[in-house]
Amino acid sequence: MAMASLLAALLTGCVLLAVPAQRWAVTAADHVVGGSIWSIPTSSDHYRNWAGNSTIVSGDNLVFMFDVGMYDVVEVGRWEYDRCSAEDPYTDTLKSSPAVFHIDFADVKYYVCTIGNYCSLGVKMYVIVQ
């Protein structure tokens with residue numbers, strides 16, 4: 001009788017292992033930055049508020065939609081973000097829309113526009129990735 005119970009338990013375990021793991025996998029989410037188009041905001045805290053109300057996790061994508069030739073986006077460090085500079089960027093400047101940044105790990109990510117003085121007019125954002 002004990003042998004039958006052990007065999008039943010082993011078979012149950014094999015069945016559970018055979019179920020595809022993809023059923024429980026979480027898929028990456030695309031987040032359109034600012035909720036619409038990357039442009040000069042009507043309030044200086046627009047992108048900060050959007051990022052603060054968004055849950056971005058490792059594996060997600062940040063999608064920047066903008067008018068080509070009018071805006072661009074580049075990932076930078078905190079120093080460049082604070083100074084609206086792209087002196088030492090982490091990525092190439094993306095000049096075509098949609099510009100997509102895949103988030104590989106939890107961190108604070110900083111993004112700026114390098115066109116004219118748009119960054120100082122608020123076309124910059126940082127997001128805390130969980």
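Modeller: Here's a walk from the sheet to the rings. Keep in mind that this is a predicted model.

Let's start with the open sheet, which has three strands in the order E1-E2-E4, with mixed pairing. Strand E1 (30-32) and strand E4 (99-102) are at the edges with a single partner strand each, so one side of each has no neighbour in the sheet. On average, neighbouring strands here are turned by 25 degrees against each other, direction ignored. Strand E2, residues 61-64, pairs with E4 in the antiparallel sense, over four bridges. If you look at Phe64, its bridge partner in E4 is Ala99.

Phe64 also takes us to the rings: ring pairs link it with Trp38, Tyr47, Phe101 and Tyr111 into a cluster. Across the whole structure, a search turns up nine aromatic pairs. One of them is Tyr71 with Tyr118, a tilted pair at 5.0 Å centre to centre, with 40 degrees between the planes. Tyr71 sits in the loop between E2 and strand E3 (74-76), while Tyr118 sits in the loop between strand E5 (108-112) and strand E6 (124-128), so this pair ties together parts 47 residues apart in sequence. Are those two buried or exposed? Tyr71 is buried, at 10% relative accessible area, and Tyr118 counts as buried too, at 18%.

The charged end of Arg48 sits over the ring of Tyr126, 4.0 Å from its centre. Lys124 lies over the face of Tyr81, 4.5 Å from the ring centre.

Notes:
Residues are numbered from 1 along each chain as its sequence is written. This is a predicted model: local features need pLDDT of at least 70, side-chain atom pairs count only at pLDDT 80 or more; totals for chains, interfaces and linings use all residues. Side-chain values use heavy atoms; hydrogens and water are left out. Two strands pair if DSSP finds at least two bridges between them. Helices (H or I, at least four residues) and strands (E, at least two) are DSSP runs, numbered from the N terminus. Axes are lines fitted to C-alpha atoms, for helices over the stretch in contact, and angles run from 0 to 180 degrees between N-to-C directions. Rings of Phe, Tyr and Trp (its six-membered ring) pair if their centres lie within 6.5 Å; planes under 30 degrees apart count as stacked, over 60 as edge-to-face and the rest as tilted. Buried means under 20% relative accessible area, exposed over 50%, partly exposed in between (1.4 Å probe, protein chains only). A charge sits over a ring if NZ of Lys or CZ of Arg is within 6 Å of the ring centre and within 35 degrees of the ring normal.
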